[in-house]
Structure formats: C-alpha cells, structure tokens
Amino acid sequence: MSGNQKKLKKKDFEKLKSISESWEIDLYKLQPIEISLKLRQVFIKTKCKTVHGTDDFNHFDNYLIHLSKEKGIKIFGLETDTLQLSLIKKENNPSWKSERKTISFWINQLTTETPDLSPCAFTNRYRNFDLDYKFDEECNKDILIFQRNINWMQKIPDLLRTNNVFIAVGYLHLTRKCGLLEQLRYNGFKVEPVKLN
C-alpha cells in the first residue's frame with residue numbers, strides 16, 4: 001500500500017496506520033475493499049461493543065473453530081477465503097476511486113469522540129434475537145449472498161444427510177426465499193427453531 005497511501009489524505013493515512021497496528025494482516029498488503037471491510041468490522045467490535053477487553057476471542061468464527069478443535073470435531077469449509085475475497089472484489093468493483101470515501105468515513109467514525117452509532121442498531125437487534133428473516137421476500141441477485149447460497153446448497157444437503165453437523169453462516173445467508181433455511185425446506189428438510197436456555 002506504500003504507493004496507495006497517496007490515495008488517502010495524509011491525516012487519514014496516519015490515523016489508519018494507528019488503527020491497524022494490531023491487525024494480523026499487514027496494512028500494506030490489503031486492497032481498498034479489504035481495508036473498508038476491516039474498518040467496518042473494527043467499528044462494530046469497538047463502538048458497538050461486540051467484543052470486550054476480557055473476551056478470549058475477537059470473532060465468533062474463531063470461537064467456534066476453537067470449540068471444534070477442543071472437542072476433536074472435524075471442520076468443513078463451504079468456501080476458501082481466497083474465493084470469498086474474489087467474490088467481494090467482483091461484487092463491489094473495489095478501486096481506490098470507489099473506496100476512498102468509505103475508508104475515510106470509517107476512519108473518521110473510529111477516531112471521533114462522537115461517532116454515528118446507527119450501524120449498531122442491527123447489532124443490538126442481533127444480540128436480542130430480534131431478527132426478521134423475511135422468508136416471503138425475493139432475493140437480490142447479488143454474488144455475495146444469492147450466488148454463494150446457490151454454491152453452498154451444492155454441499156450442505158449431502159453434509160446434513162451423512163453427518164451430524166453444525167453450520168455457521170452470517171445472518172443474511174438465512175434470510176429471504178433464497179436463504180439457506182428456505183432452500184433446505186424446499187429440498188425436503190425439516191427446519192425449526194431451537195429454543196436457547
């Protein structure tokens with residue numbers, strides 16, 4: 001990103017370097033879309049307080065992977081990180097021109113004393129299980145949700161038929177008619193909620 005630092009205002013770039021100090025991935029190796037997504041993720045963790053200083057894990061995926069390894073449970077991946085990133089790039093046309101404003105916005109939100117906490121509204125609903133799955137609505141034909149659901153449904157039914165599996169995906173992959181829940185129903189699976197104690 002050394003050449004790319006010229007794509008941001010000097011002040012923004014200095015703030016970005018400070019924000020990214022603890023990132024496991026080298027800032028200089030990230031593409032603009034990756035920086036945007038990472039900044040949004042940091043905002044959700046810090047400003048919406050989804051991760052606390054005493055937490056052992058800063059991402060739910062890492063917690064699930066830890067539990068699986070601890071219990072000796074085999075882990076299957078529905079796709080590789082490389083494939084996911086290539087789909088993100090394809091969907092978002094992630095050039096510096098298109099991402100500069102978004103990156104600057106998130107840098108500002110992370111460094112101001114009075115951030116706009118409206119992105120936390122969904123996080124709070126998620127915490128309280130106050131979610132609308134919109135099963136009667138059609139899906140947008142985007143790559144990140146619609147196409148990936150199609151790809152995953154090539155694997156998931158066989159996994160469910162041959163294994164006792166726990167499948168973890170993001171909320172948007174469960175919503176609407178093209179969501180995995182409705183697709184599983186369509187394929188003859190019984191889908192019902194489980195009450196948590």
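Mentor: Leu110 sits in helix H5; helices here are DSSP runs of H or I with at least four residues, strands are E runs of at least two, and both are numbered from the N terminus. The model is predicted, so local features need pLDDT of at least 70 and side-chain atom pairs count only at pLDDT 80 or more, while totals for chains, interfaces and linings use all residues. Residues are numbered from 1 along each chain as its sequence is written, and side-chain values use heavy atoms, with hydrogens and water left out.

With a relative accessible area of 13%, Leu110 is buried. Buried means under 20% relative accessible area, exposed means over 50%, and partly exposed is in between, using a 1.4 Å probe and protein chains only. Setting aside neighbours within four places in sequence, Leu110 is in contact with Ile19, Leu39, Val42, Phe43, Thr46 and Lys47, where contact means heavy atoms within 4.5 Å. Lys195, by comparison, is 85 residues from Leu110 in sequence and 36 Å away in space, C-alpha to C-alpha.

Leu110 also takes part in the packing of H1 with H5. The axes of these two helices are 10 Å apart, at an angle of about 65 degrees; axes are lines fitted to C-alpha atoms, for helices over the stretch in contact, and angles run from 0 to 180 degrees between N-to-C directions. H1 supplies Asp12, Lys15, Leu16 and Ile19 to the contact, and H5 supplies Ser104, Ile107, Leu110 and Thr111. By type, these residues divide into four nonpolar, two polar and two charged. Ala, Val, Leu, Ile, Met, Phe, Trp, Tyr, Cys and Pro count as nonpolar, Asp, Glu, Lys and Arg as charged, and the others, Gly among them, as polar.

Next, the cores. The largest nonpolar core has 19 residues, of which Leu16, Trp23, Ile35, Leu39, Phe43 and Ile103 touch the most other members. Helix H1 (10-19), helix H2 (32-46) and helix H5 (96-111) each give two or more residues to this core. A second, separate core of eight residues includes Ile156, Leu159, Leu174 and Leu184. A nonpolar core is a set of buried Ala, Val, Leu, Ile, Met, Phe, Trp, Tyr and Cys residues joined through side-chain atoms within 4.5 Å.

Thr123, in helix H6 (residues 120-127), is buried as well, at 9% relative accessibility. Not counting residues up to four places away in sequence, Thr123 touches Ile44, Cys48 and Thr50.

Last, the charged pairs. The whole structure holds seven salt bridges, each a side-chain nitrogen of Lys or Arg within 4 Å of a carboxyl oxygen of Asp or Glu. One of them joins Glu137 to Arg176 at 3.3 Å, N to O. Glu137 is in the loop between H6 and helix H7 (143-152) and Arg176 in the loop between helix H8 (156-162) and helix H9 (180-186), so the pair ties together parts 39 residues apart in sequence. Glu137 is partly exposed at 34% relative accessibility, as is Arg176 at 22%.

Arg161 pairs with Asp158, with the closest N and O atoms 3.6 Å apart. Both lie in helix H8, three residues apart, about one turn of the helix. Arg161 is exposed at 52%, whereas Asp158 is partly exposed at 47%.
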